[in-house]
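Hi everyone, thanks for making the time today. I'd like to walk you through one structure, so please have a look at the screen.

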Amino acid sequence: MQISIGLGKESVEERLELHGVSRRDFLKFCSSAAIAMGMGPAFAPAIAKALTAPGRPAVIYLHDAECTGCTEALLRSSKPYIDEIILDTISIDYQETIMAAAGEAAEEALHQAMKNPNGYLCIVEGAIPTAMDGLYGTIGGRTMYEINKEVLPGAKAVIAYGTCASFGGVPAAAPNPTACKGVNDCFADLGIKAINIPGCPPNPLNLIGAIAAILAGTKLELDALNRPRAFFGHTIHEQCERLPHFEAGEFAPSFDSEEARHGWCLYKLGCKGPTTYNNCPKARFNDVSWPVAAGHPCIGCSEPNFWDNMTPFYKN
């Protein structure tokens, strides 16, 4: 059994209409993705074409050592809802959290997706345990390391979604007894060069933007950490709405202060925005908010070893 949606005779746009998503809504979503990519809204039609073109590759979504928070962020996308657009456009054929299949049926879905005549993309969530030959993480009697080693080399592209998959994240924090690693660190000997979309959790718009770019054949310029510069080309600090207060030397003395409520800078309370690269201030979650706007300092979650290097997260 596969969870792939979109295998019927209707076109993607027709199925979206059945879900109550108009072409205007769909193009608005594509515009948001285009803006997040730094391409401008004029690039929206190209994204729409890539996401609705026939013969798209399957998408295999693997779970490793993680909390499933990245999937939860994706599932809670409300502009649009995931079942209205994401599943109908990128056709996720294997995703352990949301698929109905289990056991042998799930294994069959995985291998069927790998045989897709149009190939497949692989999204990886979570770090890979490597200690004791990978026995700290097993699924159906197979280690996560073995499953990834089987699937990743045949993928048209690999996306490490979330900081755990990108850099090891919390599972790799000291003392790291399971010897967890990020995808590229773990499988460098296989020539795997995953596109890293870090964050804890990452913004789903960055994932969709990366997938759209791959499907459209648009080259993603990557930084030294394999992160798309379109999403991770500037620091949080550079884009923050509290930046004018930083430049004016106006720093909130405490989280419950009047200054904090009036938008003064949180740097002296522990904000890691100046050393963190991400587009959180611009690509807000569901176009609504992001941590600093909600009064919480950036904890640097899209950077390598953030759990070890960025703590303590708060300063008094």
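Let me start with one cut-off: a residue is called buried when its relative accessible area is under 20%, and exposed when it is over 50%, with partly exposed in between. Please also keep in mind that this is a predicted model.

Now to the aromatic rings. A pair of aromatic rings is described by the distance of the centres and the angle of the planes. This structure holds nine aromatic pairs. Take Tyr61 and Tyr161: their ring centres are 6.5 Å apart and their planes stand at 85 degrees, so this pair is edge-to-face. Tyr61 belongs to strand β1, residues 58-63, and Tyr161 to strand β7, residues 157-161, so the pair ties together parts that are 100 residues apart in sequence. Are these two tyrosines buried or exposed? Tyr161 has 0% relative accessibility, so it counts as buried. Tyr61 is buried too, with a value of 0%.

Another edge-to-face pair is made by Phe306 and Trp307, with 6.0 Å from centre to centre and 90 degrees between the planes. Here the two partners fall into separate classes: Phe306 is buried at 2% relative accessible area, whereas Trp307 is partly exposed at 39%. There is also an aromatic cluster, formed by Phe246, Phe251 and Tyr267.

Let's move on to a loop. Between α14, residues 258-261, and α15, residues 306-309, you will find Thr276. Because its relative accessibility is 1%, Thr276 counts as buried. What does the side chain of Thr276 have close to one of its polar atoms? That would be the backbone oxygen of Lys272, at 2.8 Å. If we leave aside the neighbours within four places in sequence, Thr276 is in contact with His234, Thr235, Ile236, Cys298, Gly300, Ser302, Glu303 and Met310.

Glu303 is on that list, and it deserves a moment of its own. Glu303 also lies in the loop between α14 and α15. With a relative accessible area of 9%, Glu303 is buried. Which side chain does the side chain of Glu303 meet in a polar contact? The partner is Arg227, at 2.9 Å. Not counting residues up to four places away in sequence, Glu303 touches several others, among them Thr163, Phe167, Tyr277 and Met310. Met310 therefore turns up for both residues, as a contact of Thr276 and of Glu303, under the cut-off of heavy atoms within 4.5 Å.

For the surface, please turn to Met132, Leu135 and Tyr136. Together they make a nonpolar surface patch of about 350 Å². Met132 sits in the loop between β4, residues 128-129, and β5, residues 138-139. At 54% relative accessible area, Met132 is exposed.

Let me finish with the whole chain. The protein chain has 15 helices and nine strands. Of its 316 residues, 50% count as buried. Among contacts between residues at least 6 apart in sequence, 73% join residues at least 24 apart. The accessible surface of the chain comes to about 14,400 Å², and carbon and sulfur atoms account for 55% of it.

Terms used
Residues numbered from 1 in each chain as written. Predicted model: local features only at pLDDT ≥ 70, side-chain atom pairs only at ≥ 80, totals over all residues. Heavy atoms only, no water. Helix = DSSP H or I, 4+ residues; strand = E, 2+ residues; numbered from the N terminus. Buried < 20%, exposed > 50% of the residue type's maximum accessible area, 1.4 Å probe, protein only. Polar contact = N/O pair within 3.5 Å; in protein donor to acceptor, adjacent residues only side chain to side chain. Phe/Tyr/Trp six-rings, centres within 6.5 Å; stacked < 30°, edge-to-face > 60°. Patch = residues over 30% accessible without salt bridge, like charges linked within 9 Å, V, L, I, M, F, W, Y side chains within 5 Å. Areas by Shrake-Rupley, 256 points an atom, 1.4 Å probe, with all protein chains shown as cover. Salt bridge = Lys/Arg side-chain N within 4 Å of Asp/Glu carboxyl O.
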